[in-house]
Amino acid sequence: MRQNASIRCSARPLGAVTMAAAHSDPQSLHFSVGVLGISAGSLLLLVQNYGSSPGKHLIPSTALGIELLIIAALLAYTGVRRILSQSSLFACLCLTVSALWCGSGLIHILAGENIITTENELRNAMVPGLAAFTLALLVICLVAVLQREIVLSFIALSICLACAHQIAGLANLSFGQSATAACYLLVCLVTAYFGSGRLLSYITHGKIQPPGTHLQSKISLKSAQGQEADDVVAVGLVMNLLSACVLACPLLVVVPQLFSGLVPWLWTAGVFQLGVCVLSYRALDTLAATFYGFTAILKFSEGYSALVRDLTNQEPYSPVPLPTVFSVLFFVLALFSCHRSLLDGLYQLFFVAYCIAIAAQPRGFFQGGTQGVQAAIFVATALMLLVTLYNKAFPKKIPTGDGLLKNLLSRSGKFMLRTQDKDLHAPYLGYSKYADAEVLGHGCSVLAAFAITASTASQDPLAVLILPWAVVSGGLLQLLCGSVAFARGKTLESTAFILYGVMWTVWGLTRFGGLYGDVRGFHVAVGIISFMLFNVLVTAGALFLNKAWFVYALSFELILISFLLDAVGALPYGYDIGVTIIFGLVSFYFFLANLFNCTFQTPQLPFGDPLIKLSGFGGGRDSCPHLPARKATSVQQIAEIMKNGGICGMPTDTVYVLVAACNRPEAVEKAYKVKKQAQERPMSLWISSIRQLQPVRQQINPLLWDFMEAAWPSSISLVIPRAPWMEFFGLGDSSKYIGTPQSIAIRNPDCTVATHLISLVGPIAVTSANPTGEADTTHHNQVYAKLGDKVDGVLCDGPSPENIASTVVDCTKIDSGQIGFFRVGLIPKSKVLQIFEEIQRKHQHGHVNSGFEPDITGPERESTTQFADPETDSGLSQPTSTGSLNSLDLIRHGSEEYEEESL
């Protein structure tokens, strides 16, 4: 499942270069699928509009809605794939059209199920969303024209006009639907031609390419992460435009009021903004992810309010504390966003004003003040969308105040800004493709805590606007943050977020969803007690993390106690409010500190030291360098540690290993003795290339040498007889720790990180990065945890990609033309035999490696041949291949026969 941009230690098969060279073809396929998806949706709507008449639809509304949802899902997939491959404008178009058809499809389903019963209700439900997408598509069209993307601009303009004509047809039935159908006909023709042309080009590998269907590469030289972030921001802005239009329409008397028919638009915007949030984390943009996570909460709350109004015939009441706290969170976020772009910070201030308007007016979303702020947000978002798309497409950019505050702060000696690069979000000790989600997670904890301080004693729980704040922010987004934390290898934090997310969801639905009422029972108490027991474990784990996390977990335990007391009817007056406020304040400190610490290198807001410190716990971030394996400078730093006699952990294409430089005998001995009870588990030897054996080439059997050249680099370990040649590498007395008195195992790894490191330090001695008898080390965090401060450095590359052993070949009798197998692993036995038979045939026909052709004949040749005796061949001491190191293989997968003969 690991698909990242880092340099992986994976064995690359023959033809990998060809596959890499053809990497653009699948991207072209995604482009074609997206275009044909737009064509399919346009064709569906074309047939519907041409074949329908007022009061009579050609395709039933429910069926039409379901078909639009299917096409919308296809376009969403294509849009995400194109965002990940840096095709910005087309990705934005795909996701915008996907949201349009998703929202309208849901409305058609409501109409088909008689939830929307009249043509007037259908008009009121459709017009606000269509108006928003008309403007969004127009902006995309303008940027596409300026960027000379003629096909994309034509598609965007045609769908934009179709939306405008559909609004006119809904407003006045005499206008008809023919104009809408004509616009979709144009989309069908262009997309069918372009998409089919691209598909044909893909199938024929570019041999047939109809005119106008060639894709011009517009990938800039800036990093993939930054480009991806910009693409996601544009989609998030479109969703803000959609919700703002829906909320502003009642104020402008476009629709009479908010009602359940508008919920599909609002919740579509919320779902898409959750996707934007995840993709922003993927782009390592914490600020954008947090902002769109917050706005997604607003979208779900707006939709909930409209839904509850129709279900209960009363407008939901919004308690004052929650929107007030939300405005503070938005303000803090806007303040920190200003250091990157002043325009971003100013834009987020509109949402501060929006939350204040909700707090000032009890009926929030239904009152003029709130709707007026949304009208302002609509205008601001349209301008932001235009500026964002334009600046992404052209080198000459519209000024947005980028870096203005950063320059001012850099002149001050009090604050030192962090470098905003991919290494900023390196999790604990290594690499992750996601940014840290703790800012959003703790912000949502603040919202959930202050939401439940509101009382519903004298009112219908559904009519008090608590449920979406508690369930969406405390539940859904906490689960999302827990998933991101888990992907980053943060076990305790992910456990806490997921546990608290489940608790907020269950308690919110039970207490504020009308399921709890006045009933108190033992069964509810038992459920809460189980959560308390789980949280006790989290609190105990926090003792080893830091003081702040311990206080955070402990304060949540106090909230769980309040839930328990409420369930059994013994809650003291004010206790629940007090503990939730305490938890909210602790969460706010986490929110602020994480934002502050990821923005400034100095000063830092403290989290405190662990209350309990254990050797090996916490990954040794301070005492042992943990460096990302994908950086060449990190490999060089580890190489320097090894040259100075240090031992280090290193990733392979199977599990992590412990390595030492052969020319540092004391390091080899240290690595051997680090493993407890290692006497029966000798070390193996790795080289970066067979060229490292060139000085002892004359001592190696020609057949064995040619076999090594043909078999390596790969996941093949060779067991050969032992001989004095090992002294050449400077092992000295430590050579006894490598192999057995009879044989040694060698490998040439097909691993970028391993070969680069070995090239820098020379041949290395290798053993498994775990005490003898323990499980394999499958993550860089485990290296220090298992071996403690005896390790001097770790190259980090996240979870191990494979757990399959290498193929171990017995070459101790190769001089007689025989090889055997101790174990068959990644490389099949038939492949190894095929390689060996080819080498044998060459030698039988006299095609011996020219390096072994003697310059003399007669008795001296005999003497030379004698010198190349199999025992001397054991001088071939080579490192094992990436598949897995030899001694490690013995611990994990080796048979008894292999352990005895090769080691």
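Start by selecting Asp 792, which is partly exposed at a relative accessible area of 24%. On the scale used here, buried is under 20% relative accessible area, exposed is over 50%, and partly exposed lies in between (1.4 Å probe, protein chains only). You are looking at a predicted model, where local features need pLDDT of at least 70 and side-chain atom pairs count only at pLDDT 80 or more, while totals for chains, interfaces and linings use all residues. Residues are numbered from 1 along each chain as its sequence is written, and side-chain values use heavy atoms, leaving out hydrogens and water.

**Around helix α22**

Salt bridge here means a side-chain nitrogen of Lys or Arg within 4 Å of a carboxyl oxygen of Asp or Glu. Lys 670 lies in helix α22 and Asp 792 in the loop between α25 (780–787) and β10 (793–796), so the pair ties together parts 122 residues apart in sequence. Helices (H or I, at least four residues) and strands (E, at least two) are DSSP runs, numbered from the N terminus.

Stay in α22 (residues 665–674) and pick Glu 669 and Lys 673, four residues apart, about one turn of the helix. Their side chains form a salt bridge at 2.8 Å, N to O. Glu 669 is partly exposed at 28% relative accessibility, whereas Lys 673 counts as exposed at 55%.

For another pair within one helix, go to α21 (residues 632–643), where Lys 643 and Glu 640 are three residues apart, about one helical turn. Their salt bridge has an N to O distance of 3.8 Å. The structure holds nine salt bridges; Asp 436, Glu 438, Arg 488 and Lys 490 are linked in a network of them.

**Into the interior**

Next, select Trp 101, Tyr 281 and Phe 294: of the 188 residues in the largest nonpolar core, these touch the most other members. Helix α4 (residues 88–112) gives the most to this core, with 15 residues. A nonpolar core is a set of buried Ala, Val, Leu, Ile, Met, Phe, Trp, Tyr and Cys residues joined through side-chain atoms within 4.5 Å.

Zoom in on Phe 294 and show its contacts (heavy atoms within 4.5 Å). Beyond four places in sequence, the partners of Phe 294 include Phe 326, Leu 440 and Phe 591.

Then try Val 238 in helix α8 (residues 224–248). Val 238 is buried, at 2% relative accessible area, and its partners beyond four places in sequence are Thr 96, Phe 133, Ala 136 and Leu 385.

One more stop inside is Asn 535, in helix α18 (residues 522–542). Is Asn 535 buried or exposed? Asn 535 is buried, with a relative accessible area of 0%. Its contacts beyond four places in sequence include Tyr 500, Phe 556 and Glu 557.

**Where to be careful**

Finally, colour by pLDDT, the predictor's confidence in each residue, from 0 to 100. The chain averages 80, and 82% of the residues score at least 70. Select residues 217–229, where pLDDT stays under 50, and then residues 848–903, also under 50. Where pLDDT is low, the predicted coordinates should not be read in detail.
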